[in-house]
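Me: Could you take a close look at the charged side-chain pairs in this model, and describe how they are placed along the chain and how exposed they are?

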Amino acid sequence: MEYEVLNHNNAFCTVTDADIEEAVKSGEPLPRAIVQAMGKTHDDKYLEYMYPILYHEVNYMRLDAAQGIINLNGRKGLNVLKEKERSIDSSTFDEFPSEKAVLMAMIIRIEEGPEGILRYFRSEDGVDLVKYCLLCYYSSGYDYKEEDIRLISVMLREFIDKKLKRVKKVHREYWIEFIYCALDSLWVAVQETDILTRMSDEASRKLVDVFQQILISKATNDMKELMSDISKGMKRDYAIEVLRSLKGKTGEGNARRAYKKALKHFNITEEEL
């Protein structure tokens, strides 16, 4: 198979299974592209190569390794992730991105599932920075299930509703960032899986509803662009509802182009909506 990944220059490149095996046999330090590709294979035989990279001198390599572990087999790699998290001082919560916060979010997801993530998100206790990282593991190579899409939908809705005291106090800038990152997680799911076409009608309905709530909450053009892109991976009827809600609201630029591409994808014109 081929995997589209980032190299050390943060540029996209393609890595094959043969490339991975050749890198392993060489015995040389694994470059970023190989580490990312390993995490996309879903073959947990590569876990052993991820563990030492959690202690790499470069931050993005450590985060790539952590993502690779949760992609490959988070349950099997749980103790290693916990050991790494414990080794990081709490003072690093002030850093961005906070490696400790990301690892804590991953550990909660592995140990307690979506229910645990929601409990932590809704709790008045815990670390606020971790609460903003609770969807950070939804990245390229993650094996999305319907429960993941439901979780993202619920957290989006609760962030929009602003019923939680903590969320009420969130500055608009951080509110936008959280919504955008959650939508981006859904876009990754569309790019790499067909989960939005396989999930239940109930889950699809809730996703449409939350998209409509985002639009009411003064969605940015970036959000509208993502919603148009995501619609292409949804069941047709629900996608048309999303596009109908976006009608006349995309303005110009990237959001408008993404909207027109989505209409073309479903072979429908704006006038027919």
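Reply: Lys-235 has a relative accessibility of 23% in this predicted model, and since partly exposed covers the range between the buried limit of 20% and the exposed limit of 50%, Lys-235 counts as partly exposed. Its salt-bridge partner is Asp-201, with 3.0 Å from N to O, and Asp-201 is likewise partly exposed, at a relative accessible area of 45%. Because Asp-201 belongs to helix α12 (residues 201-216) while Lys-235 sits in the loop between α13 (221-231) and α14 (236-246), the pair ties together parts that are 34 residues apart in sequence. Salt bridges with shared partners also join Glu-146, Arg-150, Glu-202 and Lys-206 into one network.

Another pair is formed by the side chains of Lys-45 and Glu-21, which meet in a salt bridge at 3.6 Å, N to O. This pair links distant parts of the chain, with Glu-21 in helix α1 (residues 17-26) and Lys-45 in the loop between α2 (32-40) and α3 (47-53), 24 residues apart. Lys-45 is partly exposed, its relative accessible area being 42%, and Glu-21 is partly exposed with a value of 27%.

A further salt bridge joins Glu-112 to Arg-119, where the closest N and O atoms are 3.1 Å apart; Glu-112 is partly exposed, at 38% relative accessibility. The pairs described here are among the 23 salt bridges that the structure holds.

Definitions and conventions
Residues are numbered from 1 along each chain as its sequence is written. This is a predicted model: local features need pLDDT of at least 70, side-chain atom pairs count only at pLDDT 80 or more; totals for chains, interfaces and linings use all residues. Side-chain values use heavy atoms; hydrogens and water are left out. A salt bridge is a side-chain nitrogen of Lys or Arg within 4 Å of a carboxyl oxygen of Asp or Glu. Helices (H or I, at least four residues) and strands (E, at least two) are DSSP runs, numbered from the N terminus. Buried means under 20% relative accessible area, exposed over 50%, partly exposed in between (1.4 Å probe, protein chains only).
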